[in-house]
Amino acid sequence: CSGDPTNQAFNNQRLSAHTDMPYYTQTPSVYFFHCLANELEGGESFWSDTFSAVQHIRETEPEMFELLTSVQIPFRQYQKEWHMAGSYPTVEFMGDDIYRVRDCCFVIDIVQFVKDYSPEVRARWWEAYRYLRQLMEDPDRSVQVKLQGGDLVVIDNWRVQHGRNAFSVSEDDKGGRRAMEVSYIEWSHVQNRLLKMEWD
């Protein structure tokens with residue numbers, strides 16, 4: 001794990017549950033997380049079900065639900081070789097069904113948010129957003145596991161948020177490794193494989 005001031009994932013601090021790449025027009029859908037080695041103290045991975053939390057707000061807090069589905073949140077990520085930005089609601093629907101949740105608090109463009117919305121709207125949105133995060137941290141909506149070398153986790157990046165606990169890097173850890181690889185595919189490719197299996 002090497003330090004990188006432009007990406008919170010590349011250090012040993014706790015990484016809050018989040019959606020990967022929310023600034024994309026279409027966020028990556030199927031997420032493959034491959035643990036090559038996890039020999040350091042800490043670093044447990046955790047996953048949270050956003051749809052369950054959103055549905056609870058939909059049923060109990062209609063005003064908060066309206067804010068989460070209508071206010072366009074600006075996201076921005078820039079590094080040496082790329083600069084990505086886009087504004088989208090936290091919760092997106094297809095018909096009456098929850099379709100996708102975009103939430104990555106450490107790439108919200110606060111300056112743009114201030115430009116786009118009044119203090120009143122921002123305050124109300126932050127209240128709804130904090131409540132959503134509180135619900136997602138409920139143990140009934142999350143699971144935590146320390147992955148071992150060779151483990152592979154596949155999640156729906158539109159529904160399941162992922163994060164990790166902090167891990168230690170000390171003199172005693174010399175020779176230890178924590179190495180992860182990730183990749184993404186579109187749901188269309190998954191559907192293609194399933195349909196092909198039916199035809200075969």
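These legends accompany close-up views of a predicted model.

Residues are numbered from 1 along each chain as its sequence is written, and side-chain values use heavy atoms, without hydrogens or water. Because the model is predicted, local features need pLDDT of at least 70 and side-chain atom pairs count only at pLDDT 80 or more, while totals for chains, interfaces and linings use all residues.

**View 1. The largest nonpolar core has 27 residues.** A nonpolar core is a set of buried Ala, Val, Leu, Ile, Met, Phe, Trp, Tyr and Cys residues joined through side-chain atoms within 4.5 Å; buried means under 20% relative accessible area, exposed over 50%, and partly exposed in between (1.4 Å probe, protein chains only). Look for V54, I57, L68, I73, F75, W125 and L132, the residues with the most contacts inside this core. Two or more residues come from each of helix 1 (50–60), helix 2 (62–70), strand 4 (72–78), strand 7 (97–101) and helix 4. Helices (H or I, at least four residues) and strands (E, at least two) are DSSP runs numbered from the N terminus. Helix 4 gives the largest share, seven residues. Apart from this core lies another, of eight residues, including Y31, F33, W47 and L147.

**View 2. L68 and its contacts.** Leaving aside neighbours within four places in sequence, L68 is in contact (heavy atoms within 4.5 Å) with I57, P89, T90, V91, W125, A128, Y129 and L132.

**View 3. The second largest pocket holds about 150 Å³ of space.** On a 1 Å grid over the protein atoms alone, a pocket is an open set of points where a 1.4 Å probe fits, with protein on both sides within 12 Å along at least five of seven lines; lining residues have an atom within 4 Å of a point. Its volume is the space filled by probe spheres set on the points, which are joined across faces, edges and corners. Among the lining residues are R14, F46, R133 and Q144. Strand 8 gives the most to the lining, with three residues.

**View 4. S142 sits in strand 8.** S142 is partly exposed, with a relative accessible area of 30%. Not counting residues up to four places away in sequence, S142 touches W47, S48, M136 and E137. S142 is also one of the residues lining the second largest pocket.

**View 5. Helix 5 (residues 187–199) lies largely in the open.** Of its 13 residues, the number buried is zero.

Key
The expected span of a helix is 1.5 Å times one less than its number of residues.
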